[in-house]
Amino acid sequence: MKFILPIILAIATVVLIGVAFVASGTVVGKTVGIEAGSAMYGLTPKASTPDQALTNLLVDVKRRNWDQAYGEISNPQVATKQQFIQAWTGSYGSLRTFSALEGFELRPMHITNDAAQMRVRLHWTTPIGPLEDVRDFHLAKVGDIWKTVWSKTDVPNVPSQVIPVTYLRWDLVSAAGDDEWGAKNIDAPHVRIISMNPLDFAEGAVVLGEVVNEDTIPAFVNVTATLVDGSGKEIDEETSFDKIDHILLPKQVTPYRIDFPKVNLKNVKNVRMNVKATLVPASADPVIGVMNQKVDPDYQGKSVLRGDLLNESGQTVNIPHVIASLYDNNGKVIWVADGYVEHSLLPQTAAPFEIEIPKNMVPKVSNFHVVVNQYSMGRN
Amino acid sequence: MRRLCLNCAYGFLALGVAACLMAALAASCSAQNITVPTSAVAGEPASIAITGSGKATLYILGPGISTKQEVNLGEDLKLRGDALKNAGDYHIVACSDSCHSATFYVSAGKPASLTFLVHPSRVPVSQQDAVSGVAFPFDQFHNLVFTPQTINFQLSAGNASLLNRSVNTQAGVAWFRTSSGKSAGALQVVASLNDFNARRVVQQVASDPCNLRITGQRNAQGILVQTEPVHDCSGNPVPDGTIVSFTATAASGKSTVDAPIKKGVARAEMEATGSAVISGASGVVMGNEVRVGGRP
Amino acid sequence: MIRKFPARSCARISCSLMLVVCFVAAQYSVAADAATQVQLNAAKAAPRAVEPLTQNSIVRDYRVAWNSMSHALEFNSLDPLNGPFTGEAKTGLWQSVVSQQRSGLGRRYADQTHHLDAVFYAPEGDAIELHDTAEYQLQFLDKGKVIHEEHVVAHYVVLMTPSADRWLVRYLQAVPQF
């Protein structure tokens, strides 16, 4: 009798360990239509199918089991192990270096007896929230197993050089001494909301538009909107958060977007806008050009605004953030879209970007204005 | 019943009269007439006198001060200057058998400093009534001086005097308002009262760019586009750091660069292989358009 | 007939009474704060007209300032001075409270009414000068006991300056007359 409880516990432990063994390969990535199998150390299922081969690779990437993952590509000659790792983990303090692969979904695109193409939706966790990345992988049958054909990625590499820059920045000096009334007045920068447009969107309301810094000094800008109902009662108050280029140089214009989830615009009678600008030290560099902008469908059929970011200065931009105002043919801002670029932008190099445009906005978009917000280590 | 009530009323009346007599007697024994200064000045000593004999508890409650002390009635009491630094009402309460009170006023002393508020700290040139200043005279203990004072306001840019105006304070304040100068640079603003003054600096800055002109030429990388030196309509150079937005429209799409003015000129590299139309803008000011041909 | 309550009932009654007293005291305190009447006449303000919203803010914030000052000087507490005052007004009141803490004295302002006249509003709206004709019942306290009481009609010159979200009293000085 006294051995019953320990025996039950022992059996339960064994059962749970068994469940963990079986489940571990499937919980990390959700395979559409096909089981992914186990991916435990030493228990990696044989890559007898293309999806199993890719699942094995992605599970190893997720676990940062680089030796195993590198061994699962069919053409290691196109990239060293270090390059392979860097392709997944990012470099130069980019957003990818702070990200982790959380999960994935596979979808077969084309499969023959010895070659396959799979489309993968990769789910990343990042400091700015979850990000999704869609990539196509080619797989080839090598003997009786499938392996992923690694596409050589061109990691930007800048040759050693000296780039002369006429450096321009604004420093903020706070006067020392006693706090005499009137002696330390420096006016806050003059900024102005040049457009504001409230919209119903998806499961909420949004308020969007543009702000200009009319001053001769840089400004740190934040826009707050308060929705008010018919009785004058405040419904909700939100800020532009990261849907704005916070640091505005003189005469610079930024889009802003303020999201109000679960608020119906029908209940809103008034929108109170408040733009707060404070004086901050800032630099006029780096200058980032936005080249070859155009609206195109992506390979999922969604409309995206894409182009290339060109870093025209001599410093690395670690995390570029693209924000775009989309205008109708009357010049009215009808949407503000944004997106982070996962790779850092090296000096004098270009990197592609894509921002998704909501389907219902696409027919109305007549023009757009793109600004680049940037986070550079040691400078922000 | 009615008789009983009448008796009660007489009784109360008699008691009241007796109490009044007792109180009058007591008051005559230690009559306290408090004499306070008629014109006290902040930081200067003053004296008060309380008539009567014997001892009393003296309370002084004023701005920044609250004291309680035993005093001998009939003697003059000296109040030190440092006890009367703050201008305002001072209440004296002397209590022996009963309490008596008096109030006196301490006024501000001679002006010893100026608080000077000047706005704005930056102003575009040639703006009507754009610069204003407000001055408050204070004495050495930071009491606001209400007696009329003549404050002189002087504004100068470089060696040129833009304003020299004397204004009398009313209710302790004097102010001016004037237009900004015609050229960019530091505007010195000084308020003077007797031998001391307060100095502030207003930065006069160029207005919006005027007649923004750009040029573009193809080079090995793409198109180098730059502005001519950017000035406002008065000919002042627009400050470095001001953003000029270049837009190139070509068959390959639209390219934009927000470039800061450096050394008076904004310049950027645009990527475009074919011919492109390039325009420039700064804030809400539009510039010209140039057409650059494709690469041969 | 004397009816005796059991000990538990006594405790319950005591608690109830305390609650009632606390409730009444709280109501009285709120009522005292709300009873401070402030009226503003901004018709003569110059050189800038006082905007209606600014008038409302000034009335609200000046009332709060007097309530805070009364509380600070009655209970010799410095905390109430931290919000509504700045500059010389704060320094002066701070000194008053510290001095009262040392001497054990106090001041109580009751039944306040304030008639404010805006006499100067700076061109950039960064300072306003007010003339306050105030009436109140002033009591002087020695260790909590009233030693003197009088009805006061006082004149104050007030300078208020705006902060991020409210107007602060920067200068508050009694004058014999305007």
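In what order do the five strands of the open sheet in chain C stand? They run β1-β2-β3-β4-β5, with mixed pairing. Welcome to this predicted model, in which local features need pLDDT of at least 70 and side-chain atom pairs count only at pLDDT 80 or more, while totals for chains, interfaces and linings use all residues; side-chain values use heavy atoms, with hydrogens and water left out. Residues are numbered from 1 along each chain as its sequence is written, and chains are lettered from A and ligands numbered from 1 in the order in which they are written.

**The sheet of chain C**

- Helices (H or I, at least four residues) and strands (E, at least two) are DSSP runs, numbered from the N terminus.
- Two strands pair if DSSP finds at least two bridges between them.
- Strands β3 (residues 128–142) and β4 (residues 145–162) of chain C run antiparallel and are joined by 15 bridges.
- F140(C) has H148(C), in β4(C), as its bridge partner.

**Helices on that sheet**

- Helix α2 (residues 52–75) of chain C packs on the sheet and touches β1, β2 (105–121), β3, β4 and β5 of chain C, where contact means heavy atoms within 4.5 Å.
- The direction of α2 makes about 155° with that of β2(C).
- Helix α3 (residues 87–103) of chain C also packs on the sheet, touching β2 and β5 of chain C, and its direction makes about 65° with that of β5(C).
- At 1.5 Å a residue, the 24 residues of α2(C) should span 34 Å, which agrees with the 35 Å between its end C-alpha atoms; the expected span is 1.5 Å times one less than the number of residues.
- Just after α2(C) comes N76(C), with a positive phi of about 50°.
- T54(C) has its place in helix α2 of chain C.
- T54(C) counts as buried because its relative accessibility is 13%; buried means under 20% relative accessible area, exposed over 50%, and partly exposed in between (1.4 Å probe, protein chains only).
- Leaving aside neighbours within four places in sequence, T54(C) is in contact with Y121(C) and W167(C).

**Domains and a sheet in chain B**

- Chain B is divided into domain 1 (31–107), domain 2 (111–205) and domain 3 (209–292), with bounds that come from an automatic or database domain assignment.
- The C-alpha centres of domain 1 and domain 3 of chain B lie 76 Å apart.
- Three strands of chain B form an open sheet in the order β9-β11-β14, with antiparallel pairing.
- Strands β9 (111–119) and β14 (174–178) of chain B stand at the edges with a single partner strand each, so one side of each is left without a neighbour in the sheet.
- The twist in this sheet averages 15° from one strand to the next.
- Five bridges join β11 (residues 131–139) of chain B to β14(B), and the two run antiparallel.
- S132(B) has R177(B), in β14(B), as its bridge partner.

**Disulfides**

- A disulfide is a pair of cysteine sulfur atoms within 2.5 Å, and the count over all chains comes to two.
- One disulfide joins C95(B) to C99(B), with 1.9 Å from S to S.
- This link of C95(B) and C99(B) is right-handed, with 115° about the S-S bond.
- C95(B) counts as buried because its relative accessibility is 10%, whereas C99(B), at 32%, counts as partly exposed.
- Another disulfide joins C210(B) to C233(B), with 2.1 Å from S to S.
- The link of C210(B) and C233(B) is right-handed, with 85° about the S-S bond.
- This pair links distant parts of the chain, 23 residues apart: C210(B) is in strand β17 (residues 209–210) of chain B, and C233(B) is in the loop between β20 (231–232) and β21 (243–250) of chain B.
- C210(B), at 28% relative accessibility, counts as partly exposed, while C233(B), at 61%, counts as exposed.

Definitions and conventions. Axes are lines fitted to C-alpha atoms, for helices over the stretch in contact, and angles run from 0 to 180 degrees between N-to-C directions.
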